[in-house]
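Welcome, and thanks for taking a look at this one with us. Below is a short briefing to read alongside the structure.

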Amino acid sequence: QAGSYDYPLVALAILVAVFTAYTAADILWRTSIGNADKTRTRWLWIGGIVLGLGAWTAHLIGMLAAKEHFSFTYRADITVISILLVLTGSVCAMYLVSRCQRTTCLLAAGALLGLGLVAMCFTGMYAIVMPGMQHSYDYGIVALSYAVAAVFSVMALRVLHRFYHGKSVHPGWEKVAFSILMGSAIIGIIHEARVLELA
């Protein structure tokens, strides 16, 4: 039935999104208490890559969870581009949050991370190859997806901002908060993408 879902796969997508976000937060928290600048930069990259790859994996699982009962393939070149887009957004966001204390930097980081997530999602949709399929976008839904991703990204990155600038009070709970907020951003854009594809 069109529009139905394989709910175990939906649950798996949520778990992947939340768990990888928590892992990235833990990496970045440990980075924030280190002293060597070169080491911190290296782990910033790793944390951003973990977050980006987790988002892409959750997106892929979420798309596969739709029980449309048709077969399709992905174009490898466009799929690689979608991965690079989300990695770029994630790494740039982590760098901005760690290097700058201003609120404008936090907002810019959230905007970049949200842009990376949305670009990954809709580029990944464009990579789908299926006989007779035509790609078109409702730009209102695309804009809504970006708004969801950007707002949740800013709220999540605020937690990392506290890590890096000495304002963290309860790191354990803050990492949980980050993972839930980032999971919400990722799952939110997957849902909007499905709405667009089924429209």
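## Cysteines, helices and their packing

C92 has a relative accessible area of 35%, so this cysteine counts as partly exposed. C92 belongs to helix α3, and the model in which we see this is a predicted one.

**Overall layout**

- The chain is built from six helices and two strands.
- Following the sequence, these elements come in the order α-α-β-α-α-β-α-α.
- The chain has 199 residues, and buried residues make up 45% of them.
- If we take the contacts between residues at least 6 apart in sequence, 82% of these join residues at least 24 apart.

**Cysteines and the disulfide**

- How many disulfides does the structure hold? There is one, and C100 and C105 form it, with 2.0 Å between their sulfur atoms.
- The S-S torsion of C100 and C105 is about 65°, which means that the disulfide is right-handed.
- Both partners are out of the solvent's reach by the accessibility criterion: C100 is buried, and C105 is buried as well.
- C121 is also worth a look, since its relative accessibility is 0% and this residue therefore counts as buried.
- C92, by contrast, is partly exposed at 35%; its C-alpha atom is separated by 9.7 Å from that of G116, a residue 24 positions away along the chain.

**Helix α3 against helix α4**

- Helix α3 covers residues 76–99, and it packs with α4 at an angle of about 170°, the two axes being 8 Å apart.
- Are these two helices roughly parallel or roughly antiparallel? With angles over 145 degrees counted as roughly antiparallel, α3 and α4 are therefore roughly antiparallel to each other.
- The residues in the contact of α3 with α4 divide into 18 nonpolar and six polar, with no charged residue.

**Helix α4 against helix α5**

- Helix α4 spans residues 103–126 and helix α5 spans residues 139–164; they pack at an angle of about 135°, with 7 Å between their axes.
- The two helices α4 and α5 are therefore oblique to each other, and their crossing is right-handed.
- On the α4 side, the residues that meet α5 include L106, L107, A109, L113, L117, V118 and F122. Glycines take part too, namely G110 and G114.
- On the α5 side, the partners include V142, Y146, A149, V154 and L157, and also S145, S153, R158 and H161.
- By residue type, the contact of α4 with α5 divides into 15 nonpolar, five polar and one charged.

**A closer look at L115**

- L115 lies in helix α4, and it is one of the residues with which α4 meets α5.
- Is L115 buried or partly exposed? Its relative accessible area is 48%, so L115 is partly exposed.
- A150 is among the α5 residues in this contact; the C-alpha atoms of L115 and A150 are separated by 7.2 Å, although the two residues are 35 apart along the chain.

Notes
Residues numbered from 1 in each chain as written. Predicted model: local features only at pLDDT ≥ 70, side-chain atom pairs only at ≥ 80, totals over all residues. Heavy atoms only, no water. Axes fitted to C-alpha atoms, helices over the stretch in contact; angles between N-to-C directions. Helix = DSSP H or I, 4+ residues; strand = E, 2+ residues; numbered from the N terminus. Parallel < 35°, antiparallel > 145°, perpendicular 65-115°, else oblique. Left-handed = near helix turned anticlockwise from the far one by under 90°. Contact = heavy atoms within 4.5 Å. Nonpolar A, V, L, I, M, F, W, Y, C, P; charged D, E, K, R; others polar. Disulfide = S-S within 2.5 Å. Buried < 20%, exposed > 50% of the residue type's maximum accessible area, 1.4 Å probe, protein only.
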